[in-house]
Amino acid sequence: MIQDKTASPALLEIDRSTPTPLYRQIYARFRTAIEQGVLHPGDRVASARDLASELGVSRGTIETAYNLLMGEGYFSSQGQAGTVVSPSLPSQRPARRERRRSEAPADGEVLADAAPPPPLQLGIPALDAFPRKLWARLTARRARATTAADMFYGNPSGYAPLRAAIAAYLLVSRGVSCKPSQVFVTGGYRASLSLIAHTLLDKGDAVWVEDPGYPPTQEVLRSKGMRAVPVPVDDEGMVVARGVRKTAAARMAIVTPSHQAPLGVSMSLARRLQLLEWASRNKAWIVEDDYDGEYRYAGPPLPALKSLDGHDRVLYAGSFSKVLYPGLALGYVVAPESLSAAFAEAARTGSNGSPQITQAVVADFMRGGYFPRHLKKMRLLYARRRGMLVAALLKAFGDDVRIDLKSGGMHLIARFDKRRERDTELARRAQLAGLNCQPLSTRGTASFLDEGLLMGFTNIGSAAEAKQLATKLRAALVSR
Ligand SMILES: Cc1ncc(COP(=O)(O)O)c(C=O)c1O
């Protein structure tokens, strides 16, 4: 009934059993909606005719309520354009809850509406370097060409041309050979993991996760009733022997082999083979979370673990959050061919799939040859931005900082060994100053003792900005 904006459903309910006249009830609901900030100055409201038909009352009833609201200054008439909430009313928009500075978002965490990511935010691609004009053109072209068929339900497993484009990309860029029917498009990594868990695991199943690791992995497992078994990570990636010692009969292992999250190490070939051998012997599954494997600054990207998978034990999970942008909310799973039917069924049961038009635009971007070009550009840009942050930190902190640079990724780890404070305290101070550094120690269990600050460098626009951030960080860390 209220056009353009949503309104509280309570607004629709009118009570014919009370002695309060209907026009009065409608008047009161609009007033409340305005006073509570559900309707805002300038919002258009439904025409009296439409609302009367929606509520099953006479048009005169609505007109009486509207006239009262106009008389009291809540509504104003805009002639042909209809009736709006008076633009001159003070806005009751509930003040956006200020994120306390000490609660900066972790990577992958939701930011308040319209808030730009704070400096040093982890896990966000360079938002200033995204080819927005091209994207707008591709989106507009798709929107214009929408047919009736495009408006029907899509395939919950994913839009066919996108599944094909992903399969082609994976073969060329990640050494993963799969058919489009093995690719399942999802709403991102968590949705991918949910789909995998739903299809392959039972409540109570043990799953190896990396320690330290990416917190959402454990959160999703826990929410599905699985048991996450933290397995330590060393310079070669997950220590498979420790996993075997802890829970040999785990049903699944979830790893980030290209660029371990958060330590950044690449899983060695020996470990990859060991993990594959364990999975094949135990009929267990491996989930390869390849969230940013494309970003490697020394040498070409490493082939995916999936490319070594001779026994079809690996499920490959990809995301467009890092290689395009997180607001797209698109990821995908590559399932073994023998499981395609089970995944298709689980996808159908679980949701209506992802928006068709978004998938179509991503497919156009990939098939139009823009994707490899974009990745190449971002690789060069990130290497440069990483270098700028490193130089600025070294300049600001000198010997007081030890920077752990790995061959890839979108963040670095800075260690301040000479400081006595814990990394949680250092991160708190940085966040108070508006810099979103995250403590390394909280990414692991109690037996993970490493400390440091995780910093994203992808959105640092210039050497001057890097210098300013490093100076600010220095001031924040030494403050009491
Ligand atoms: C380790 C890891 N896996 C996966 C993802 C991608 O998650 P999503 O697709 O939900 O953005 C991220 C993003 O930060 C990540 O850090």
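Me: Which residues touch the most other members of the largest nonpolar core?
Reply: This is a predicted model, and in it F320, F416, M455 and L473 touch the most other members of that 66-residue core.

Me: And where does the largest share of this core come from?
Reply: From helix α12, residues 370-397, which puts in 11 residues. Domain 2 (132-368) and domain 3 (373-478) each supply at least three residues to this core.

Me: Back to F320, what does F320 touch?
Reply: Leaving out residues up to four places away in sequence, F320 touches L162, I166, Y325, L328, L330, G331, Y332, V362, M366 and F371.

Me: How many residues are in the second, separate core?
Reply: That one has 25 residues, including L201, V207, A335 and A346.

Me: OK, switching to domains. What does the assignment give for the chain?
Reply: Domain 1 covers 9-85, domain 2 covers 132-368 and domain 3 covers 373-478.

Me: How many Å separate the centres of domain 2 and domain 3?
Reply: 27 Å, going by C-alpha atoms. Their contact involves 24 residues of domain 2 and 25 residues of domain 3.

Me: Is L269 buried or exposed?
Reply: Exposed, because its relative accessible area is 52%, and the cut-off for exposed is over 50%.

Key:
Residues numbered from 1 in each chain as written. Predicted model: local features only at pLDDT ≥ 70, side-chain atom pairs only at ≥ 80, totals over all residues. Heavy atoms only, no water. Buried < 20%, exposed > 50% of the residue type's maximum accessible area, 1.4 Å probe, protein only. Core = buried A, V, L, I, M, F, W, Y, C linked by side-chain atoms within 4.5 Å. Helix = DSSP H or I, 4+ residues; strand = E, 2+ residues; numbered from the N terminus. Domains from an automatic or database assignment. Contact = heavy atoms within 4.5 Å.
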